Amino acid sequence: MTITACTLDCPDACSLVAESGVDGLRLRGNPDHPFTRGFACPKLDVHRRRQISPHRLRSPRLKVDGRWQDISWDEAMGLCAEKIALYRDEPRSILHVRGSGNRGVIKALSNLFFRRLGASGLHGSLCDEAGIAACTEDFGCLRTNDISDILNTSALVNWGRDLARGSVHTAALVRALRKKGVPVLTIAPGEDTAKGFTDHFVRVRPGTDRFLAAAVLREVLRRQGIAPEVGAACRDLAGFEELLAGCGPELLEWCGATPADVALLADHYAGPMPVATLLGWGLQRYCFGGQNVRFINALAMLSGQVGRSGGGTYYGLSSMANFELPWKTETAYGRTLLMPDLARELRRADPPVRMAWIECINPANQFPEAAEVARALAGLDFVVVADAFMTDTAEVADLILPVALMLEQEDVVGSFLHEYVQLSAKAVEPPQGVRTDHRILSDLGARLSPPVTLPGPEEALRQALGSSTLNGSLEELRSRGYVRSTHGPVAFEGLRFGHADGLYRLPPRLDPPMTTMDDGYPLQLLTLINRRFVHSQILPEDQTGEPVVSVHPRTLEGLGIEPGAGWLVTALGRLAVLFAADESMHPDCAVYRRGPWGKLGGGVNRIIGFVETDMGGVGAYYEQRCRLERRGQ
Ligand code: SF4
């Protein structure tokens with residue numbers, strides 16, 4: 001039996017117990033963990049099946065004249081060293097693309113490797129960065145109350161978090177709150193996220209949350225003003241009050257909420273009792289995603305809900321914040337390209353990119369304009385993909401390196417939900433022919449001249465755990481499986497914030513909605529998370545049948561379309577899908593559960609264009625307009 005932890009790109013970072021069984025590794029939640037408390041989610045079983053899948057790659061593969069050939073590791077590493085030597089005179093012509101598919105401190109050493117080379121890297125993100133930038137701008141750092149402090153609230157506002165498909169431990173806390181009789185209000189475009197988790201549901205038009213937050217804030221301030229200590233903790237409060245005073249009834253027209261919704265929310269935010277606000281991880285995927293998050297934070301701040309137990313806003317934490325990672329400050333890429341606009345960035349890069357090294361991410365599936373990304377990558381001289389499966393991105397590679405999955409190597413992992421650092425202990429040997437990322441890069445680095453060296457795994461772990469916010473040794477982690485950070489349960493107590501002047505920052509502007517032209521694409525396409533899978537980490541055998549697009553029955557009826565086979569169409573192309581009627585959907589939206597691979601009939605990001613968010617360099621995926629067509633049209 002091994003105490004270990006999940007390293008998938010999921011907030012919970014569950015502590016797990018791993019046992020060997022006849023059908024491979026058996027995994028269950030670790031009952032002794034103070035936060036994850038012995039349960040996990042169905043994705044764990046998918047992970048177990050991925051480990052033993054017959055589709056798993058077990059040998060390096062080289063594309064020769066368009067056909068895949070198995071080659072030895074020695075040949076593969078020799079070829080990589082040869083290519084890097086070829087491009088090393090201009091190291092920015094080598095691009096490093098790393099995602100979060102398998103998280104951990106040792107795995108992240110690839111950042112150090114390519115920074116030491118002086119290669120190009122990426123900035124921006126596919127998802128959370130607009131919200132991170134917003135919270136960092138507001139609070140001066142990315143902190144929240146301890147997630148368990150939610151249990152001290154007298155009301156919870158769930159502003160867009162999908163508790164039915166996201167963090168199972170947040171969902172458990174919300175269930176516990178409701179059991180105690182604490183009211184939960186949910187704000188979202190679709191009611192499906194709220195089923196079983198809410199007492200009141202407020203429907204908003206997708207991407208317009210900032211207007212509802214501003215409207216509620218106006219009402220709260222009308223009722224109770226701003227407490228002097230709260231006002232004194234903000235910079236340029238007068239400017240913000242002027243901004244709010246210039247707003248009026250258009251706020252509700254824009255977001256689609258009613259005066260009764262505003263009054264209900266104000267009933268909770270105004271007054272002496274603590275209200276906690278959970279922020280969803282879709283709020284930031286709009287053009288004004290940063291503003292959405294900033295106005296919700298401002299509502300909590302000015303209504304006196306920040307810096308107290310039971311209050312606060314919960315966007316997220318940095319999962320690496322509690323580690324000492326000198327490579328982050330001591331080394332830098334030669335330049336960075338904007339991640340969600342990779343195809344265009346590759347076309348305009350000067351000096352041009354010749355070689356790419358891609359790991360823990362599936363750009364030809366996950367990035368906006370994914371088909372263009374695939375084409376741009378295929379046009380490079382040499383593309384290495386380190387992956388365990390023949391993903392959409394692996395298909396465009398020249399060389400594929402089969403890598404170890406989680407629990408096949410020791411690492412430590414943080415969480416973007418809770419304050420525990422976990423040991424992801426090695427619970428099983430990687431299959432024959434498969435290597436860890438660290439071993440691959442150490443071997444490669446030794447073949448280069450001059451060599452590029454990485455710290456050994458043990459050294460990297462000890463260094464990471466030397467952080468000033470951790471009070472635990474590697475030995476303690478190895479025996480217990482987890483250590484909590486030294487952060488207290490309440491963030492920003494005394495209303496001292498992370499900026500140099502200690503003050504909170506209010507948003508300086510509120511932009512009106514994007515004008516939507518009636519250009520034949522009447523619906524907003526929301527590509528939301530999947531309950532069973534993390535992103536595109538789906539086994540081929542689980543991708544049978546066409547992807548489903550859920551639409552409100554009235555919308556289907558209005559378009560004269562029956563549930564069943566159809567086309568999901570955007571200005572970039574069309575995808576064969578099945579329409580399903582679902583009353584919980586917002587009538588202006590079509591909802592697709594993202595993840596399925598393009599080569600297996602999915603790949604929705606091929607028809608999603610790139611638009612940048614107002615902060616953080618994120619793709620505003622949810623701004624994509626679409627229409628539905630019957631098959632045969
Ligand atoms: S995917 Fe998330 S909830 Fe599921 S086991 Fe991993 S960390 Fe836990």
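Two strands are taken to pair if DSSP finds at least two bridges between them. In this predicted model, three strands form an open sheet in the order 1-2-3, with antiparallel pairing. Strand 1 (2-5) and strand 3 (24-29) stand at the edges and have a single partner strand each, so one side of each is left without a neighbour in the sheet. On average, neighbouring strands of this sheet are turned by 40° against each other, direction ignored. Strand 2 (residues 15-21) pairs with strand 3 in the antiparallel sense over six bridges, and Ser20 stands opposite Leu25 in strand 3.

The elements described in this report are listed here.

| Element | Residues |
|---|---|
| Strand 1 | 2-5 |
| Strand 2 | 15-21 |
| Strand 3 | 24-29 |
| Helix 4 | 129-139 |
| Helix 5 | 168-179 |

Thr144 lies in the loop that runs between helix 4 and strand 8 (155-159). Because its relative accessibility is 6%, under the 20% limit, Thr144 counts as buried. When neighbours within four places in sequence are left aside, Thr144 is in contact with Thr313, Tyr314, Tyr315, Gly316, Leu317 and Ala491.

Helix 5 has 12 residues, which at 1.5 Å a residue should span 16 Å, and its end C-alpha atoms are 16 Å apart, in agreement with that expectation. Within helix 5, His169, Thr170, Ala171, Leu173, Val174 and Leu177 are buried, and the buried residues of this helix pack against strand 8, strand 9 (184-188) and strand 12 (275-279). Helix 5 is followed by Gly181, whose phi is positive, near 90°.

Technical notes. Residues numbered from 1 in each chain as written. Predicted model: local features only at pLDDT ≥ 70, side-chain atom pairs only at ≥ 80, totals over all residues. Heavy atoms only, no water. Helix = DSSP H or I, 4+ residues; strand = E, 2+ residues; numbered from the N terminus. Axes fitted to C-alpha atoms, helices over the stretch in contact; angles between N-to-C directions. Buried < 20%, exposed > 50% of the residue type's maximum accessible area, 1.4 Å probe, protein only. Contact = heavy atoms within 4.5 Å. Expected span 1.5 Å × (residues − 1).
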